[in-house]
Amino acid sequence: MLDSTILNFLIPSDWKGRTIDSFLRNRMGFSRRILRSLKTIDGIRINGEIVPAWHQLNGGEQLELYLPLVKQTINPEPLPLAVVYEDQDLVVIDKPTGMLVHPVKKYQSGTLANGLLYHWRATGENCSFHPVHRLDRLTSGLVLVAKNQWVHQQLSLQLESGKMSRLYLALCKGNFHKNSGKIDAPIKEQPDSALRIIEASGKPAITRYRVISKVEYSALLAVKIYTGRTHQIRVHLSHLGYPLWGDPLYGTPDPDLPRTALHAVSLSFQHPRSRRKIKVTTELPTDLRMLANRLGIIK
């Protein structure tokens with residue numbers, strides 16, 4: 001099926017006598033919505049033969065699922081992409097600053113989604129684009145993208161439950177009096193504005209930081225977020241009086257740095273299919289390393 005992606009699972013022997021439906025829901029965590037989509041197109045097969053979801057298992061069979069691709073109106077474009085990790089289920093990209101993760105009304109091209117769809121077409125993969133999380137356009141670093149609905153669902157659950165770890169490096173202005181801290185301050189959207197503010201009626205947001213190196217008026221931080229609010233790190237650090245270098249919204253634009261000094265440097269999660277831990281890292285990009293050198297934070 002050209003409009004599907006294929007998932008293969010070897011049925012463990014201890015599932016003998018139970019149904020495919022039970023295996024997919026209770027062992028693999030498939031949602032009812034995804035199961036319905038499989039049933040609609042007869043997308044469940046055992047050893048190559050179409051079977052119903054209530055089919056009883058013997059253990060040791062090869063379960064093959066034809067998972068329908070989500071219809072998306074994204075134009076593939078040949079764009080340079082830094083692929084840090086990729087397998088049949090997911091990909092991690094080191095996104096450059098200035099690139100959107102996916103198209104929006106004003107920008108329908110030049111995004112990570114456009115480039116990935118071209119990449120998959122060139123490599124002969126049948127995938128749809130499912131970002132597990134996002135980075136602001138002016139933030140660089142690691143972005144995790146699932147290639148099908150089920151993997152996206154599983155990774156999103158890890159993100160929501162805090163089982164996925166995301167670490168950032170941030171270059172901030174100000175004199176840090178503490179070497180580490182926790183910021184627990186709700187963030188609220190503002191009508192007709194890109195700005196977010198700290199307000200009691202906002203959504204819960206928790207950030208932790210640790211000072212790696214500091215000089216007078218500047219510091220390099222390791223930052224970990226436990227919630228995924230838009231602009232969370234930028235809002236929280238600015239709220240403390242330590243805005244990011246180059247932040248045009250919550251700090252002061254820098255003519256020598258046309259971006260926010262924030263980079264997603266590490267990402268760890270459990271692979272939905274193999275259950276093994278995946279940890280991916282990247283380095284501070286050249287422009288932020290040059291800024292840190294100029295400030296005297298790193299040599």
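Here are some notes on this predicted model, starting with the whole chain and then zooming in.

1. First, some housekeeping. Residues are numbered from 1 along each chain as its sequence is written. As the model is predicted, local features need pLDDT of at least 70 and side-chain atom pairs count only at pLDDT 80 or more, while totals for chains, interfaces and linings use all residues, and side-chain values use heavy atoms, leaving out hydrogens and water.

2. The protein chain has six helices and 16 strands (DSSP runs numbered from the N terminus: H or I of at least four residues for helices, E of at least two for strands). Its C-alpha trace spans about 70 × 40 × 40 Å along the principal axes. Of the 299 residues, 50% are buried (under 20% relative accessible area, with a 1.4 Å probe and protein chains only).

3. Now for contacts, meaning heavy atoms within 4.5 Å. Among the chain's contacts with a separation of 6 or more, 65% are between residues 24 or more positions apart.

4. Look at helix α1 (residues 20–27) against helix α2 (residues 32–40): they pack at an angle of about 145°, and their axes are 11 Å apart. Each axis is a line fitted to C-alpha atoms over the stretch in contact, and the angle, from 0 to 180 degrees, is taken between N-to-C directions. From α1, Asp21, Leu24 and Arg25 meet Arg32, Leu35, Leu38 and Lys39 of α2. Sorted by class, that contact has three nonpolar, no polar and four charged residues (Asp, Glu, Lys and Arg count as charged; Ala, Val, Leu, Ile, Met, Phe, Trp, Tyr, Cys and Pro as nonpolar; the others, Gly among them, as polar).

5. Asn148 caps the N-terminal end, with a side-chain oxygen 3.1 Å from the backbone nitrogen of Trp150. Trp150 is one of the buried residues in α4, along with others including Val151 and Leu155. Just after the helix, Gly162 takes a positive phi of about 85°.

6. Finally, find His263 in strand β15 (residues 262–270). His263 counts as buried because its relative accessibility is 1%. Its side chain makes a polar contact with that of Ser140 at 2.7 Å (a pair of N or O atoms within 3.5 Å; within protein, one must be able to donate a hydrogen and the other to accept it, and residues adjacent in sequence count only if both atoms are side-chain atoms). Leaving aside residues up to four places away in sequence, His263 also touches others, among them Asp94, Tyr168 and Glu283.
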